[in-house]
Amino acid sequence: MSHIPLSVALVGAGSRGLGVFERLVAHCLERPTPLTVHLIDPQPFGAGFHLSDQPDHLLLNTVCGQLSAFADARMVDGPVPVLGPSLHEWCRRRDLRLADDGYTVRAGEGREIQPNDFLPRRLLSEYLAWAAEEITGAAPESLTLIRHRTTAVDVLPGGSGTETVVLADGSRIEADAVFVTVGHHSLYLPAAPAPDPRLVTRPYPLPTALDGIGPGERVAVLGMGLTAMDVLATLTLGRGGKHLTDAAGMRYLPSGREPSIVLTNRSGMPSRSRPGLRQGRVRFAPLALTTERLDEIRAGTPDGRLDFTRDVLPLIEAEMALAYYRTLLAREYGDATGAGLELARRCARGGHETLLGELRARFGRCPVAGILSADLTDRQWTGYDAYRDWFTAEVGADLAEAREGLGAAPLKEALEVLRDHRDVLRAVIDPPGVDDASLATFFGEFAPTVNRLVIGPQLDRSAELLSLIDAGIVRLGPGPRPKVVAPAGQGPWRLESTCLARPLRMEVDHVVQAHVSEPGADRVAGSLLGTLVAAGRVRTLAHRGTAVQGLDVTRQGQGVDRTGTPQPRLFFLGPHTEGSSYYNHYVPSPGVPSRALLDAELALRTALPSLITRKR
């Protein structure tokens, strides 16, 4: 397109759509240009799926100091004229404070909120909605925003190089470019009816989805990640229970309205909790897992694609080990920066493999080895007590490291490599990416493992889990890989052990599937993405013969149609592109490069080359 488009359409007004709009405002402030932006979403602008009416005990799993809707110079490679507070700063300006229970937030009541606090999700909803108004108010007169509080049902090729967005109310919008940022689109749709009314296939919205579970009834919660922790909090704190902390530790005071909960998952392993963040913690550049090294490996392959297990996984494990040893060295130095500089010098001199050998000789074995491939399902446990004792000891040890915090706990620092260097992992998946088998391995095995290791619950949730187990409110399921047997009639559901030497059976009245995963776009009939896939305007990655369900898009975000042709004016950004890129479901953090905003810049630069030209 050689002209400046007169109009663009943003389909989806959540945090990703807000990021695209913020970039448009920033560029129009720098270079005033007549531009009409059509914003299409029935939900409030900015908040997206972050609902404002959630109870305070449903927490974010990112600390408030690491969340921002406003770009700064380190987050993006474009102009940043619209400045604003992070979530933490926004709370402080309103004198919002945290109660002694660790989750209730009220104005003027409790202690001051710290950057390291995990806050209620409702606050992020309020913050994003406020930020959307601030960014809208900062837009120049040359930018016209038109809100369409309805749903887009189709995008059709228009005449003269345009796209036509069809709305649910029957109206149509002609746009020179369309950006689809619908986020977790299918979670807005009603859940399909379960085969048994006692089976909860989607535990959201909370607490409504769990209202059918009565006090004292037995319920199995399948999963141990963030969704499972939401379910536990809803069935305990949400029903009037309290966690009390004194010199003896934490204990749970029941309300009497809780059900009896069995918590289980396939792997049998707990999710590791998010650690505290030590003030002044240094985030180091990678030494082994670098984009330069990936480029060198790609140059030696016929098609530029990587074999993940052979080419990348050893570099990830090496980087994690280096982070572990760097933390031990920093303890000796009393200076994290000095320890980091020392390792960087030695790595440049002799390579990371030689350096790791020297560090192993000095500090001993690193516990990171094998942590990415740990699997309990082949282990035979002597009995339930042995498994339960192992599990609670693992949670306790992880909790101790989480409390020690990033910047101090060696194992947590090693695991944080998987978050700190997420952009390098994204470079692994970015075109030309990995081979087809590796794509399945990365998203089918590696990405879920990363989620369990570093995208886990808040550290308070881990303490609460142990408290609930001590109180007898929660029991662990019968070991790894339990067999879940549905009743033939009105009888109970059964959970049967498969990894215990002494078999164990548990019976429950309800089952909650607490591992929410969004189906592929081609499996959600009636949604916008489903319609576009069915029409062939964009395809999923199923054409590569894998189970990865994301949309096939170019690095610029352009949808690739069923013939393999990129669509020049139809862009897709967000979680539904997982597979073409990696880790798309997050709110940006201040002070560090933001892939969400960088992707928005790249897409806009491709669609609007006459307007989006600044690049550092």
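This section describes a sheet, its flanking helices, a loop glycine and the cysteines of a predicted model.

The strands of a sheet pair through backbone hydrogen bonds, in either a parallel or an antiparallel manner. In this model, 6 strands form an open sheet in the order β6-β2-β1-β10-β22-β21, and the pairing is mixed. Strands β6 (143–148) and β21 (558–560) form the edges, each pairing on one side only. From one strand to the next, the twist averages 30 degrees. Within the sheet, strands β10 (residues 177–180) and β22 (residues 566–572) run parallel and are joined by 3 bridges. Phenylalanine 572 of β22 has valine 180 standing opposite.

Helix α15 (residues 595–607) lies across β10, β21 and β22, and runs at about 160 degrees to β10.

An α-helix has 3.6 residues a turn, so residues three or four places apart point the same way.

Attention now turns to a loop position. Glycine 364 is located in the loop between α8 (352–363) and α9 (384–404). Glycine 364 counts as partly exposed because its relative accessibility is 26%, a value between the limits of 20% and 50%. When neighbours within four places in sequence are left aside, the contacts of glycine 364 are Tyr325 and Leu359. Although glycine 364 and tyrosine 325 are separated by 39 residues in sequence, their C-alpha atoms are 9.5 Å apart in space.

The cysteines were examined for disulfides. A disulfide is a covalent bond between the sulfur atoms of two cysteines. The count of disulfides in the model comes to 0. For cysteine 366, the closest cysteine sulfur is that of cysteine 347, at 15 Å, which is too far for a bond, because a disulfide requires sulfur atoms within 2.5 Å. Cysteine 366 is buried, since its relative accessible area is 8%, and cysteine 28 is likewise buried, with a relative accessible area of 0%.

Definitions and conventions
Residues are numbered from 1 along each chain as its sequence is written. This is a predicted model: local features need pLDDT of at least 70, side-chain atom pairs count only at pLDDT 80 or more; totals for chains, interfaces and linings use all residues. Side-chain values use heavy atoms; hydrogens and water are left out. Two strands pair if DSSP finds at least two bridges between them. Helices (H or I, at least four residues) and strands (E, at least two) are DSSP runs, numbered from the N terminus. Axes are lines fitted to C-alpha atoms, for helices over the stretch in contact, and angles run from 0 to 180 degrees between N-to-C directions. Contact means heavy atoms within 4.5 Å. Buried means under 20% relative accessible area, exposed over 50%, partly exposed in between (1.4 Å probe, protein chains only).
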